[in-house]
Amino acid sequence: MTRKDVLELLHLPSATLRRMAHAQRMQSVGSHVFVRGLVEFSSLCRRNCLYCGLQRQNTAAHRYCLSKREILASAQEAYDTGVDTFVLQSGEWERNPLWLADIVATLKESFGLAVTLSVGECPKSHYALWKDAGADRFLLRHETADAALYTRLHPGYTLQDRLRCLRELKELGYETGSGFIVGLPGQTLETLADDVVLAQDLDVAMCGIGPFVPQANTPLAHVPHGDVELTLRLVSVLRLALPHAHLPATTALASLDPGHGQRDGLAAGANVLMPSFTPQTRRRDYAIYDNKRQVDMQDVLASVEGAGLTHTLLQERAARKMAARPTLS
(Lines give C-alpha, C1' and ligand atoms only; values in the text may rest on other atoms or scores of the structure.)
Protein backbone atom coordinates (compact mmCIF):
# COMPACT_ATOMS: atom_id res chain seq x y z
CA MET A 1 0.00 0.00 0.00
CA THR A 2 1.36 3.41 -0.99
CA ARG A 3 0.81 6.89 0.46
CA LYS A 4 -1.63 7.55 -2.41
CA ASP A 5 -3.56 4.37 -1.58
CA VAL A 6 -3.85 5.35 2.07
CA LEU A 7 -5.04 8.87 1.27
CA GLU A 8 -7.68 7.51 -1.11
CA LEU A 9 -8.97 5.16 1.59
CA LEU A 10 -9.08 7.98 4.14
CA HIS A 11 -11.38 9.95 1.83
CA LEU A 12 -13.95 7.15 1.54
CA PRO A 13 -17.21 7.50 3.47
CA SER A 14 -16.72 6.26 7.05
CA ALA A 15 -19.36 3.54 6.76
CA THR A 16 -17.79 2.20 3.55
CA LEU A 17 -14.30 2.12 5.03
CA ARG A 18 -15.54 0.42 8.20
CA ARG A 19 -17.37 -2.26 6.22
CA MET A 20 -14.22 -2.98 4.23
CA ALA A 21 -12.14 -3.24 7.41
CA HIS A 22 -14.70 -5.48 9.11
CA ALA A 23 -14.78 -7.84 6.13
CA GLN A 24 -10.96 -7.98 6.12
CA ARG A 25 -10.86 -8.61 9.86
CA MET A 26 -13.35 -11.48 9.66
CA GLN A 27 -11.37 -13.03 6.82
CA SER A 28 -7.91 -12.57 8.37
CA VAL A 29 -8.25 -12.74 12.17
CA GLY A 30 -11.90 -13.54 12.82
CA SER A 31 -14.22 -12.19 15.48
CA HIS A 32 -12.06 -13.00 18.52
CA VAL A 33 -10.78 -10.11 20.65
CA PHE A 34 -7.54 -10.70 22.52
CA VAL A 35 -7.29 -9.27 26.02
CA ARG A 36 -3.85 -8.31 27.34
CA GLY A 37 -3.28 -7.54 31.01
CA LEU A 38 -1.35 -4.26 31.28
CA VAL A 39 0.95 -3.58 34.23
CA GLU A 40 2.57 -0.12 34.19
CA PHE A 41 5.41 -0.96 36.54
CA SER A 42 7.40 2.28 36.58
CA SER A 43 6.88 5.97 35.82
CA LEU A 44 10.60 6.73 35.84
CA CYS A 45 11.84 8.10 32.51
CA ARG A 46 15.06 9.68 31.21
CA ARG A 47 13.50 11.22 28.09
CA ASN A 48 11.84 14.59 27.57
CA CYS A 49 9.21 13.79 24.94
CA LEU A 50 7.21 17.00 24.59
CA TYR A 51 3.79 15.36 24.81
CA CYS A 52 4.33 12.89 27.65
CA GLY A 53 3.58 13.44 31.32
CA LEU A 54 6.38 11.05 32.29
CA GLN A 55 9.03 13.33 30.78
CA ARG A 56 12.09 13.84 32.97
CA GLN A 57 11.58 17.58 33.38
CA ASN A 58 8.05 17.17 34.77
CA THR A 59 8.79 17.84 38.44
CA ALA A 60 5.09 17.48 39.28
CA ALA A 61 5.07 13.82 38.27
CA HIS A 62 4.87 11.20 41.01
CA ARG A 63 7.61 8.65 40.33
CA TYR A 64 7.44 5.01 41.31
CA CYS A 65 8.77 1.57 40.48
CA LEU A 66 6.84 -1.52 41.52
CA SER A 67 8.67 -4.29 43.32
CA LYS A 68 8.84 -7.79 41.91
CA ARG A 69 6.22 -8.88 44.44
CA GLU A 70 3.86 -6.09 43.37
CA ILE A 71 4.28 -6.97 39.69
CA LEU A 72 3.58 -10.64 40.36
CA ALA A 73 0.51 -9.78 42.43
CA SER A 74 -0.81 -7.67 39.54
CA ALA A 75 -0.08 -10.52 37.15
CA GLN A 76 -1.99 -12.92 39.39
CA GLU A 77 -5.01 -10.63 39.32
CA ALA A 78 -4.82 -10.40 35.53
CA TYR A 79 -4.37 -14.17 35.18
CA ASP A 80 -7.45 -14.84 37.29
CA THR A 81 -9.61 -12.74 34.96
CA GLY A 82 -8.66 -14.81 31.89
CA VAL A 83 -6.25 -12.53 29.99
CA ASP A 84 -4.06 -14.16 27.34
CA THR A 85 -0.91 -12.01 27.68
CA PHE A 86 0.93 -9.90 30.24
CA VAL A 87 2.13 -6.48 29.05
CA LEU A 88 4.85 -4.88 31.18
CA GLN A 89 5.18 -1.18 30.40
CA SER A 90 7.29 1.61 31.84
CA GLY A 91 9.03 4.84 31.07
CA GLU A 92 12.50 4.56 29.59
CA TRP A 93 15.12 4.49 32.35
CA GLU A 94 18.42 2.95 33.31
CA ARG A 95 17.67 -0.34 35.02
CA ASN A 96 19.61 -3.47 35.79
CA PRO A 97 18.48 -5.67 32.89
CA LEU A 98 18.85 -8.75 35.09
CA TRP A 99 16.07 -7.44 37.35
CA LEU A 100 13.57 -7.37 34.50
CA ALA A 101 14.85 -10.67 33.11
CA ASP A 102 14.15 -12.30 36.47
CA ILE A 103 10.59 -10.97 36.48
CA VAL A 104 9.98 -12.19 32.92
CA ALA A 105 11.33 -15.64 33.75
CA THR A 106 9.17 -15.84 36.88
CA LEU A 107 6.05 -14.84 34.97
CA LYS A 108 6.69 -17.48 32.32
CA GLU A 109 7.38 -20.19 34.90
CA SER A 110 4.46 -19.28 37.15
CA PHE A 111 1.73 -18.61 34.60
CA GLY A 112 2.82 -19.79 31.15
CA LEU A 113 1.28 -16.82 29.34
CA ALA A 114 2.93 -14.70 26.66
CA VAL A 115 4.88 -11.69 27.93
CA THR A 116 5.07 -8.40 26.05
CA LEU A 117 7.57 -5.72 27.05
CA SER A 118 7.20 -2.00 26.35
CA VAL A 119 10.19 -0.31 27.99
CA GLY A 120 11.65 1.86 25.23
CA GLU A 121 15.00 2.07 23.46
CA CYS A 122 17.62 -0.16 25.09
CA PRO A 123 20.90 -1.84 24.12
CA LYS A 124 20.48 -4.88 21.92
CA SER A 125 22.17 -6.97 24.63
CA HIS A 126 19.32 -6.11 27.01
CA TYR A 127 16.72 -7.07 24.43
CA ALA A 128 18.55 -10.38 23.94
CA LEU A 129 18.70 -11.05 27.68
CA TRP A 130 14.96 -10.50 28.08
CA LYS A 131 14.21 -12.66 25.02
CA ASP A 132 16.28 -15.46 26.52
CA ALA A 133 14.36 -15.06 29.78
CA GLY A 134 11.11 -15.75 27.93
CA ALA A 135 9.78 -12.43 26.59
CA ASP A 136 7.69 -13.03 23.48
CA ARG A 137 6.78 -9.60 22.15
CA PHE A 138 8.03 -6.04 22.28
CA LEU A 139 6.01 -2.89 21.69
CA LEU A 140 7.98 0.18 20.56
CA ARG A 141 5.84 2.76 18.79
CA HIS A 142 7.62 4.80 16.14
CA GLU A 143 5.25 7.70 17.07
CA THR A 144 5.62 9.51 13.72
CA ALA A 145 7.19 8.65 10.36
CA ASP A 146 8.27 12.27 9.87
CA ALA A 147 11.95 12.28 10.95
CA ALA A 148 12.10 16.05 11.52
CA LEU A 149 8.88 16.05 13.55
CA TYR A 150 10.16 13.08 15.54
CA THR A 151 13.32 14.97 16.53
CA ARG A 152 11.32 18.08 17.52
CA LEU A 153 9.04 16.03 19.74
CA HIS A 154 11.81 13.83 21.20
CA PRO A 155 14.80 16.12 21.97
CA GLY A 156 18.09 14.28 21.67
CA TYR A 157 16.65 11.27 19.84
CA THR A 158 16.13 10.32 16.20
CA LEU A 159 13.66 8.27 14.23
CA GLN A 160 16.63 6.42 12.72
CA ASP A 161 17.62 5.09 16.15
CA ARG A 162 14.01 4.13 16.88
CA LEU A 163 13.79 2.11 13.69
CA ARG A 164 17.16 0.50 14.39
CA CYS A 165 15.80 -0.79 17.70
CA LEU A 166 12.73 -2.22 15.96
CA ARG A 167 14.96 -4.03 13.46
CA GLU A 168 17.15 -5.41 16.25
CA LEU A 169 14.11 -6.68 18.13
CA LYS A 170 12.91 -8.48 15.03
CA GLU A 171 16.36 -9.98 14.45
CA LEU A 172 16.24 -11.40 17.98
CA GLY A 173 12.95 -13.17 17.29
CA TYR A 174 10.50 -10.89 19.06
CA GLU A 175 7.03 -10.35 17.68
CA THR A 176 7.41 -6.61 17.23
CA GLY A 177 4.81 -3.92 17.59
CA SER A 178 4.90 -0.28 16.59
CA GLY A 179 2.36 2.51 16.29
CA PHE A 180 1.82 6.26 16.14
CA ILE A 181 -0.07 9.20 17.60
CA VAL A 182 -2.87 10.95 15.70
CA GLY A 183 -3.11 14.72 16.09
CA LEU A 184 0.43 15.80 16.85
CA PRO A 185 1.20 19.45 16.08
CA GLY A 186 2.83 19.68 12.66
CA GLN A 187 1.31 16.41 11.47
CA THR A 188 -0.56 16.19 8.15
CA LEU A 189 -2.70 13.58 6.44
CA GLU A 190 0.33 12.80 4.30
CA THR A 191 2.39 12.21 7.45
CA LEU A 192 -0.26 9.83 8.75
CA ALA A 193 -0.32 8.01 5.42
CA ASP A 194 3.44 7.60 5.74
CA ASP A 195 2.89 6.16 9.24
CA VAL A 196 0.68 3.44 7.78
CA VAL A 197 3.19 2.70 5.02
CA LEU A 198 6.05 2.54 7.54
CA ALA A 199 4.15 0.11 9.75
CA GLN A 200 3.56 -2.03 6.67
CA ASP A 201 7.22 -1.83 5.62
CA LEU A 202 8.31 -2.84 9.14
CA ASP A 203 5.99 -5.85 8.83
CA VAL A 204 4.94 -5.42 12.45
CA ALA A 205 2.85 -8.03 14.23
CA MET A 206 1.11 -5.30 16.26
CA CYS A 207 0.30 -1.65 15.60
CA GLY A 208 -1.23 0.60 18.24
CA ILE A 209 -2.53 4.05 17.40
CA GLY A 210 -4.41 6.56 19.48
CA PRO A 211 -5.42 10.20 19.39
CA PHE A 212 -3.12 12.74 21.00
CA VAL A 213 -4.30 13.71 24.49
CA PRO A 214 -2.53 16.66 26.16
CA GLN A 215 -0.96 16.56 29.63
CA ALA A 216 -1.02 19.71 31.73
CA ASN A 217 2.65 19.68 32.76
CA THR A 218 4.15 19.35 29.28
CA PRO A 219 5.07 21.85 26.54
CA LEU A 220 2.07 20.62 24.50
CA ALA A 221 -0.43 21.18 27.31
CA HIS A 222 -2.50 23.64 25.25
CA VAL A 223 -2.53 21.69 21.99
CA PRO A 224 -6.05 20.37 21.16
CA HIS A 225 -6.56 16.63 21.42
CA GLY A 226 -6.47 14.45 18.33
CA ASP A 227 -9.54 13.64 16.28
CA VAL A 228 -11.30 10.44 17.36
CA GLU A 229 -13.04 9.90 14.02
CA LEU A 230 -9.78 10.24 12.08
CA THR A 231 -8.16 7.77 14.47
CA LEU A 232 -10.95 5.27 13.84
CA ARG A 233 -10.56 5.71 10.08
CA LEU A 234 -6.84 5.01 10.41
CA VAL A 235 -7.55 1.85 12.42
CA SER A 236 -9.66 0.68 9.48
CA VAL A 237 -6.92 1.53 7.00
CA LEU A 238 -4.38 -0.35 9.13
CA ARG A 239 -6.61 -3.42 9.10
CA LEU A 240 -6.57 -3.29 5.31
CA ALA A 241 -2.81 -2.64 5.15
CA LEU A 242 -1.90 -5.22 7.82
CA PRO A 243 -4.62 -7.87 7.55
CA HIS A 244 -3.15 -10.27 10.13
CA ALA A 245 -1.74 -7.75 12.61
CA HIS A 246 -3.00 -7.30 16.15
CA LEU A 247 -4.51 -3.82 16.41
CA PRO A 248 -5.53 -2.51 19.85
CA ALA A 249 -8.48 -0.25 20.51
CA THR A 250 -6.37 2.02 22.69
CA THR A 251 -7.00 3.56 26.09
CA ALA A 252 -6.68 7.02 24.51
CA LEU A 253 -9.84 6.30 22.52
CA ALA A 254 -11.61 5.37 25.75
CA SER A 255 -10.29 8.50 27.43
CA LEU A 256 -11.70 10.87 24.80
CA ASP A 257 -14.91 8.87 24.31
CA PRO A 258 -15.51 6.89 27.54
CA GLY A 259 -18.82 5.45 26.43
CA HIS A 260 -17.99 4.23 22.96
CA GLY A 261 -14.32 4.79 22.05
CA GLN A 262 -13.02 1.26 22.41
CA ARG A 263 -16.22 -0.32 21.11
CA ASP A 264 -15.93 1.84 18.01
CA GLY A 265 -12.23 0.98 17.73
CA LEU A 266 -13.11 -2.70 17.62
CA ALA A 267 -15.85 -2.04 15.08
CA ALA A 268 -13.30 -0.17 12.96
CA GLY A 269 -11.02 -3.22 12.75
CA ALA A 270 -9.13 -3.52 16.05
CA ASN A 271 -8.92 -6.90 17.77
CA VAL A 272 -7.07 -6.24 21.05
CA LEU A 273 -7.97 -4.59 24.37
CA MET A 274 -5.53 -3.90 27.20
CA PRO A 275 -7.22 -3.30 30.56
CA SER A 276 -5.02 -2.03 33.36
CA PHE A 277 -3.89 -4.21 36.27
CA THR A 278 -1.51 -1.59 37.62
CA PRO A 279 -2.14 -1.34 41.39
CA GLN A 280 -4.94 1.13 42.14
CA THR A 281 -2.61 3.20 44.30
CA ARG A 282 -0.31 3.84 41.31
CA ARG A 283 -2.63 4.16 38.32
CA ARG A 284 -2.98 7.93 38.54
CA ASP A 285 0.82 8.24 38.79
CA TYR A 286 1.28 6.74 35.32
CA ALA A 287 -0.02 10.00 33.85
CA ILE A 288 1.24 9.98 30.28
CA TYR A 289 -1.75 12.25 29.48
CA ASP A 290 -4.60 13.84 31.42
CA ASN A 291 -7.96 12.24 32.22
CA LYS A 292 -6.67 8.81 31.31
CA ARG A 293 -9.49 6.31 31.60
CA GLN A 294 -8.84 3.32 33.83
CA VAL A 295 -10.13 0.54 31.58
CA ASP A 296 -11.31 -2.46 33.61
CA MET A 297 -12.74 -5.85 32.74
CA GLN A 298 -16.34 -4.57 32.78
CA ASP A 299 -15.32 -2.03 30.15
CA VAL A 300 -13.71 -4.81 28.13
CA LEU A 301 -16.82 -7.00 28.17
CA ALA A 302 -19.05 -4.07 27.26
CA SER A 303 -16.82 -3.03 24.36
CA VAL A 304 -16.49 -6.53 22.89
CA GLU A 305 -20.17 -7.30 23.16
CA GLY A 306 -21.15 -3.82 21.93
CA ALA A 307 -19.04 -4.38 18.80
CA GLY A 308 -20.67 -7.77 18.19
CA LEU A 309 -17.39 -9.64 18.58
CA THR A 310 -16.29 -12.56 20.75
CA HIS A 311 -13.92 -13.34 23.62
CA THR A 312 -12.91 -16.36 25.71
CA LEU A 313 -12.47 -14.61 29.06
CA LEU A 314 -15.20 -16.52 30.87
CA GLN A 315 -14.00 -19.89 29.59
CA GLU A 316 -10.40 -19.12 30.51
CA ARG A 317 -11.44 -17.86 33.93
CA ALA A 318 -13.38 -21.05 34.64
CA ALA A 319 -10.57 -23.28 33.40
CA ARG A 320 -7.99 -21.51 35.57
CA LYS A 321 -10.18 -21.77 38.63
CA MET A 322 -10.37 -25.51 38.07
CA ALA A 323 -6.61 -25.82 37.76
CA ALA A 324 -4.20 -25.49 40.65
CA ARG A 325 -3.16 -21.91 41.19
CA PRO A 326 0.46 -21.09 40.29
CA THR A 327 2.85 -20.71 43.18
CA LEU A 328 4.66 -17.38 43.14
CA SER A 329 8.34 -17.32 43.95
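# Aromatic pairs, sheet and helix packing

User: Which residues do ring pairs link into a cluster?
Analyst: This is a predicted model, in which local features need pLDDT of at least 70 and side-chain atom pairs count only at pLDDT 80 or more, while totals for chains, interfaces and linings use all residues. Residues are numbered from 1 along each chain as its sequence is written, and side-chain values use heavy atoms, with hydrogens and water left out. Rings of Phe, Tyr and Trp (its six-membered ring) pair if their centres lie within 6.5 Å; planes under 30 degrees apart count as stacked, over 60 as edge-to-face and the rest as tilted. The cluster linked by such ring pairs consists of Y127, W130, F138 and Y174.

User: How many aromatic pairs does the count come to, and is the pair of W93 and W99 stacked, edge-to-face or tilted?
Analyst: The count of aromatic pairs comes to seven. For W93 and W99, the ring centres are 6.4 Å apart and the planes stand at 55 degrees, so the class of this pair is tilted.

User: Is W99 buried, exposed or partly exposed?
Analyst: Buried means under 20% relative accessible area, exposed over 50%, and partly exposed in between (1.4 Å probe, protein chains only). W93, at 16% relative accessibility, counts as buried. The relative accessible area of W99 is 26%, so W99 is partly exposed.

User: What kind of aromatic pair do Y127 and F138 form, and how many residues apart in sequence are the parts that the pair ties together?
Analyst: With 5.0 Å centre to centre and 70 degrees between the planes, Y127 and F138 form an edge-to-face pair. Helices (H or I, at least four residues) and strands (E, at least two) are DSSP runs, numbered from the N terminus. Because Y127 lies in helix α5 (residues 124-133) and F138 in strand β4 (residues 137-139), the pair ties together parts whose separation in sequence is eleven residues.

User: Over which ring does the charged end of K131 sit?
Analyst: A charge sits over a ring if NZ of Lys or CZ of Arg is within 6 Å of the ring centre and within 35 degrees of the ring normal. The charged end of R47 lies over the ring of Y157, 3.7 Å from its centre. For K131, the distance to the ring centre is 5.9 Å, and the ring is that of Y174.

User: What is the handedness of the crossover from β1 to β2?
Analyst: Strands β1 and β2 (residues 85-90) run parallel and are joined by six bridges. Between them the chain passes through helix α3 (residues 68-81), giving a β-α-β crossover. A crossover is right-handed if, with the strands pointing away from the viewer, the path from the first strand over the helix to the second runs clockwise. The handedness here is right-handed.

User: Within what arc do the buried residues of α1 fall?
Analyst: Helix α1 (residues 3-10) has V6, L7, L9 and L10 buried. Seen down the helix axis, these residues line one face, because they fall within an arc of 160 degrees. The arc is that of the directions from the helix axis to the C-beta atoms. The value for α1 is 160 degrees.

User: Against which helices do the buried residues of α1 pack?
Analyst: Contact means heavy atoms within 4.5 Å. The packing partners of the buried residues of α1 are α2 (14-28), α8 (189-202) and α9 (228-241).

User: Which residues does H244 touch, not counting those up to four places away in sequence?
Analyst: H244 lies in the loop between α9 and α10 (251-256). With 59% relative accessibility, H244 counts as exposed. Beyond its sequence neighbours, the residues that H244 touches are S28, V29 and R239.

Methods: Pairing = 2+ DSSP bridges.
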